[in-house]
Amino acid sequence: MIRHIVLTKFKPQTSEDTIAQIYAGLAAVTEKLSGAQGFTGGRSNSPEQIERGYMHGFVVDFDSWDALQRYADNPEHQALGGQLVEHAVGGIDGVLVLDFEV
C-alpha cells in the first residue's frame, strides 16, 4: 500500500469553507477511483504546535504506485490540486507531498 500525505500552508485569507470544499472534492475523486481509499484530512490540532504554518493536511491510501498515478493523472484531481496551489502561501512552495510504502 502507498500512503499519500499532503500538507498545505494556506494563505491567511483562505477560509475554512474553501479548504473544506477542496478536501470534499478530493475525497469524492478518491471514492471514484479503483485502488484509492481512506481519504482523511483537516486542520491540525496538534498539542506539539510545530506545524510551521502547515496547518492543514490530508492522507489517501493507494493499493499500488499505479493507482497513485491514476489519481495524479485524473483531471478532477488536477483541477482541485490547482486550487490547493492557488490558495497556498507561495503557490507550490506552500505544499508538501510525501508518498511511501506502508
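Student: Before the numbers, what does buried mean here?
Tutor: Buried means under 20% relative accessible area. By that cut-off, 36% of the 102 residues of this predicted model count as buried.

Student: Which elements does the protein have, and how do they run from the N terminus?
Tutor: The protein has three helices and four strands. Their order from the N terminus is β-α-β-β-α-α-β.

Student: Which residues have the most contacts inside the largest nonpolar core?
Tutor: They are Tyr-23, Leu-26, Phe-58, Phe-62, Tyr-71 and Leu-84, in a core of 20 residues.

Student: What is Leu-26 in contact with, leaving aside its neighbours within four places in sequence?
Tutor: Leu-26 is in contact with Phe-39, Phe-58, Tyr-71, His-77 and Leu-80.

Student: What share of the contacts with a separation of 6 or more comes from residues 24 or more positions apart?
Tutor: Such residues account for 75% of those contacts.

Student: Changing topic, why does the radius of gyration agree with a compact globule?
Tutor: A compact globule of 102 residues would have a radius of gyration near 13 Å, and the protein has 13 Å, so the two agree. Along the principal axes, the C-alpha atoms fill a box of roughly 35 × 30 × 20 Å.

Student: And the surface: how much of it belongs to carbon and sulfur atoms?
Tutor: Of an accessible surface of about 6,000 Å², 53% belongs to carbon and sulfur atoms.

Student: How far apart are the mean positions of the positive and negative charges?
Tutor: The mean positions of the 7 positive and 14 negative charges are 5 Å apart.

Key:
Residues numbered from 1 in each chain as written. Predicted model: local features only at pLDDT ≥ 70, side-chain atom pairs only at ≥ 80, totals over all residues. Heavy atoms only, no water. Helix = DSSP H or I, 4+ residues; strand = E, 2+ residues; numbered from the N terminus. Rg over C-alpha atoms; globule rule 2.2 N^0.38 Å. Buried < 20%, exposed > 50% of the residue type's maximum accessible area, 1.4 Å probe, protein only. Contact = heavy atoms within 4.5 Å. Areas by Shrake-Rupley, 256 points an atom, 1.4 Å probe, with all protein chains shown as cover. Lys, Arg positive; Asp, Glu negative; His and termini not counted. Charge placed at Lys NZ, Arg CZ, Asp CG, Glu CD. Core = buried A, V, L, I, M, F, W, Y, C linked by side-chain atoms within 4.5 Å.
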